[in-house]
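Here is a friendly walk through a two-chain model, meant to be read with the structure open beside you.

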There are 2 protein chains.
Amino acid sequence: MDTPLPESLRFILGRRSIRAFVPGEVSDAQVLQLLQAAMAAPSAVARDPWRFVVIRRRPTMEALAQLLSNGDMLKSAALAIVVCGDIEAAHDRQLSYLLQDCSAAIENLLLAAHGLGLGACWLGVHPREERTRKTRELLGLPEAILPVACLAIGLPAETKPPRTRYQPAAVHYETW
Amino acid sequence: MDTPLPESLRFILGRRSIRAFVPGEVSDAQVLQLLQAAMAAPSAVARDPWRFVVIRRRPTMEALAQLLSNGDMLKSAALAIVVCGDIEAAHDRQLSYLLQDCSAAIENLLLAAHGLGLGACWLGVHPREERTRKTRELLGLPEAILPVACLAIGLPAETKPPRTRYQPAAVHYETW
């Protein structure tokens, strides 16, 4: 990138996966803003099948850290948000739409966290069967509610510069 | 929303689906920035399975408009970007990760378009079998390349205010 980035591009490229947190509060007002950003994402036929479980209790955070590989950061995070999809609410009850809608919402939420000066990291749950089952048990999720990912959120203990993993080889023109 | 939004939140909530375009150019430099934003999204195990087909030729745009329901806007869009995933590149060759990664990249791309003053709309392809097959044929996609969505991009002929579809009922605390 040789030319200066527009501010919005710098913002998007500035969202990095933050895996270390310092102690400190994330307010309920901030959590509300994260969720408002998440639910501003597009959704197939506006079915909005996303569901969010906001977790602040330490024992639940510790249990999540145990059941997710690379989930250790949850022990120092201020909170976790488990993003789920309701398969009954998804367009045509299609898992594909559920995953697409939830993932767009997650990206919005991660960007909003960055915008609020928070750090966040996306920890995968779906399609791992064991993680799905244990997350379902831990949170008491109904059958129709599919956990997609767990987001660790807190005050960042690391800073990372904006970056893209842009690869020209990933881009084709007109045809493959 | 009673309190003023932080600028980054206003930016995220300001990304709206734009379905009408006025004639005008989207430069190659802008397209590059859209793709840089897309490829700044998180990806499971950083496998970056996303692939992008950038389409400016009118006959191809018209063909896409034909094969996608609600794709009429492509006739007036400056370009289309068909976002695909390479199942061979996806983490554990899992369709779920392919869809999650591509959807996060799509949301970044749509936000970048908004940031550049462009309009854009997400048109679904996966999991519709006929759309997938016809898109595959039109673009000559190899077997491993799965078209996920087609993005119509152009100069907006409509303006929409920032908004969220936030629903308190979609949020749970600690447990379901």
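A residue is called buried if 20 or more other C-beta atoms lie within 10 Å of its own, exposed if 12 or fewer, and partly exposed in between, with C-beta atoms placed from the backbone. This is a predicted model, in which local features need pLDDT of at least 70 and side-chain atom pairs count only at pLDDT 80 or more, while totals for chains, interfaces and linings use all residues. Residues are numbered from 1 along each chain as its sequence is written, and chains are lettered from A and ligands numbered from 1 in the order in which they are written. Helices (H or I, at least four residues) and strands (E, at least two) are DSSP runs, numbered from the N terminus.

After α5(B) comes B:G140, with a positive phi near 65°.

β4(A) pairs with β5(A) (residues 145-156) in the antiparallel sense over six bridges, where pairing requires at least two DSSP bridges between two strands. In this pair, A:G124 stands opposite A:A149.

**Backbone details in both chains**

| Site | Feature | Value |
|---|---|---|
| A:H126 and A:P127 | cis peptide bond | omega about 10° |
| B:H126 and B:P127 | cis peptide bond | omega about 10° |
| A:A46 | positive phi, not glycine | near 50° |
| B:A46 | positive phi, not glycine | about 50° |

A:P127 sits in the loop between β4 and α5 of chain A. A:A46 belongs to the loop between α2 (28-38) and β2 of chain A, and A:A46 is exposed, with 10 other C-beta atoms within 10 Å.

**Where the chains meet**

Contact here means that the C-beta atoms of two residues, placed from the backbone, lie within 7 Å. By that rule, 59 residues of chain B are in contact with 59 residues of chain A. The largest share of the side of chain B that touches chain A, eleven residues, comes from α4(B). That side divides into 34 nonpolar, 18 polar and seven charged residues; Ala, Val, Leu, Ile, Met, Phe, Trp, Tyr, Cys and Pro count as nonpolar, Asp, Glu, Lys and Arg as charged, and the others, Gly among them, as polar.

Strands cross the boundary too: three bridges join β2(A) (residues 50-55) to β6(B), and the two run parallel. A:V54 stands opposite B:Y173 in β6(B). A:T175, in the segment after β6 (171-173) of chain A, touches B:L139 and B:G140, not counting residues up to four places away in sequence.
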